[in-house]
Every structure is written in C-alpha cells, then in structure tokens.
Amino acid sequence: MRKAKLGELLKFSKPKGPGFGIDAGFYLSVMAAQMPLPAIRQVVEPKGLEGAVVGFGVPMKGDKEDLGRPMERGAYAIASLDRKTLIRCLVVSKEEAGFNPDSFLRNPRSASLSEDARSRMAATWMLVQLTFESYDPLVHPAVRLLVEVADRLALLTGGLVADPVSEVYRLPGESLHAAVPDGFAVQDSVAVHSHPEGGTYSLNTLGMRKYGLEEFEISGVEERFLGVAERLLLGICQGVLKGKRVSAGDTVGSRRSPFRIAVGGLDRGKWEGIPVLEAIPEESEDVNAVLARWEMEHG
C-alpha cells in the first residue's frame, strides 16, 4: 500500500473571500482642525495602548523616533497586526488638496451638517487621506481597520471624517457602528440618502461601489416609512456584503412581503456610469403597503 505524502495529509487553503474586493476609489479623509497633529504612535500601536488602534504605524521616511513625533506633511504606512492590510496615510495641507471649507459650507449639500460639524470643518488645517495599498482577502477586517484609524484621527485632531463616496461627514464616534456577530456593520461604509419627489420620497444607497458592487434604490416611499425603507436597503446591502449577491429578477425581504429586484439607475444625470438595482413591489402592489408588512415582521 502506497504511503500518503505529507502534502496529501495536510491540505492548506487560502482564506475564501466574500466574492468581491475593494475598489481603488475607496478612501476616507480626516479634516484635522487642531495642530500639532498627533504622533503616529498615538493613532495606531501594537497593543492598542491609551485608546490607539491596534496595528503598526510606520513613517515612509525617517526613523523609529518619528513614531513619537507629531505627524507632518508626508506619507505614513499603517498595517494590521497580521500584515494582511496595508493603509497609506497621506498628510497634506487643505490648500494642497484643493479643499476650501468656506466654499463647501456655502453649498446646499452642507445644509444637513450639525453646528459642531460645521465649526470643525471651518477650522480645518490639514487633511489626512487614507487609502488601501493592500487588504485582507476577507475584506471586512480591512475596512474596519480603515474606519477605526479615521475615527481615531478625527478624535485626536478635533476633526471630521469625510466619506466622499458615501457623501457623509461624521464626528468622532459616529463612524464606528456596533459590529454584528459576523464581524462588520454595513453602516461603516454605506449610507442611505432620501430625496423628495412630489408627495413621496426616493431613497438610495451610496457606498456599495466601494466594493465594485451595485447601489440600491427604492421610490414612492411616504414620509412615515422613510426609516423602514432605510432599514430595508441597509439589510439588502448587509446581505450582499455577507456574500448573498442579488441580481435583476431576484426577490428580497420575506415571503409575505417580497420585493423584486430590477435594473435601476434610470436617472442618468445622477447615476451615469454607476450600476444600480431597484427594489420594487411584486405585482405592482403599493410600495408603502409592502413596507408596512415588512416592518411588522422585522420591527
């Protein structure tokens, strides 16, 4: 009888990813309102001492002593302890980045910002831009690290976390949502926006394209069901980010309150070049009636 070789007895496999990756356009910016900036060691540290994010921080130029000096204009590298994720941290002035806080604050898009957020944005001195150089094949640990670093930087600089793709600006503590048992929270990287249309509203997600995935939308929603529709869209996104991909023709929700997935994004001025899927009621039923049933089932 032939003896089995060691390689036949011990089979190793690479971690299986969720079926998608991280798009090159996924980035976060921190608007730093206080100077001097913190030392990289205050932001990220192997043991997470004094509230630092767990990981490694390294100046791209310089020596180990720079770990304890205030960060300055230039590039830094931040890595997870297992070294599967590497984040590039670029510190630039707001002028170098072409960001004018006063101009943005005069724009109608800033109307939803709180007074605290507006004052922090107006006081911006420097921008810290965070992008992925490489990431954990499981994706979610990498995204969580990026969000944790951004939130920590905002806390230490009296600043804001800017998520341009999702079009949200968050105060320290608002970026990190409680992770569900499977290890991630969809709200960390995906936001839902609502828009009035006559007497109802349309809602859409922003952030799924960070993963190279379709955004979602729903329309004809009455004001009293805005929260329900938002939870529905986030629930769909959560499922997709757990590996349950959906496409046109699929149904989502429950058997009693199903929604059909259809090709969306008909507003080309808004969605040009961005794939979108729309949740619509089955058999032309009123969307609010289906949302009401869905709410009763899911709370």
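How many helices and strands does the protein chain have?

1. The protein chain has nine helices and 15 strands, where helices (H or I, at least four residues) and strands (E, at least two) are DSSP runs numbered from the N terminus. This is a predicted model, in which local features need pLDDT of at least 70 and side-chain atom pairs count only at pLDDT 80 or more, while totals for chains, interfaces and linings use all residues. Residues are numbered from 1 along each chain as its sequence is written, and side-chain values use heavy atoms, with hydrogens and water left out.

2. As for the chain overall, its C-alpha atoms fill a box of roughly 80 × 65 × 35 Å along the principal axes. Of the 299 residues in the protein chain, 47% are buried, a term that stands for under 20% relative accessible area with a 1.4 Å probe, protein chains only. Among contacts (heavy atoms within 4.5 Å) with a separation of 6 or more, 61% join residues 24 or more positions apart.

3. An open sheet is formed by seven strands in the order 4-5-6-7-1-8-9, with antiparallel pairing; two strands pair if DSSP finds at least two bridges between them. Strand 4 (56-59) and strand 9 (168-170) are the edge strands, each of which pairs on one side only. From one strand to the next the twist averages 25°, the axes being lines fitted to C-alpha atoms and the angles running from 0 to 180 degrees between N-to-C directions.

4. Within this sheet, strand 5 (residues 74-79) and strand 6 (residues 86-93) pair in the antiparallel sense over six bridges. Ala79 stands opposite Leu86 in strand 6, and Ala77 stands opposite Arg88 in that strand. The hairpin of strand 5 and strand 6 has six residues between the strands, and there Arg83 takes a positive phi near 60°.

5. Strand 6 also pairs with strand 7 (residues 126-134), again in the antiparallel sense, over eight bridges. Arg88 has Thr131 as its bridge partner in strand 7.

6. The largest pocket has a volume of about 480 Å³, a volume being the space filled by probe spheres set on the points. Of the 20 residues that line the largest pocket, Arg109, Ser112, Glu167, Val168 and His193 are the closest to its centre. Strand 9, strand 10 (191-197), strand 11 (200-206) and helix 8 (268-271) each supply at least two residues of this lining.

7. By the rule above, there are two cavities of 30 Å³ or more. The largest cavity holds about 70 Å³ of space, and its lining consists of His140, Val143, Arg144, Phe184, Ala185, Val186, Asp188, Ser189 and Tyr211.

8. The second largest cavity holds about 40 Å³ of space and is lined by Leu28, Val147, Val161, Asp163, Arg170, Ser175 and Asp188.

Notes. 1 Å grid on protein atoms, 1.4 Å probe; cavity = no way out; pocket = protein on both sides within 12 Å on 5 of 7 lines; lining within 4 Å. Buried < 20%, exposed > 50% of the residue type's maximum accessible area, 1.4 Å probe, protein only.
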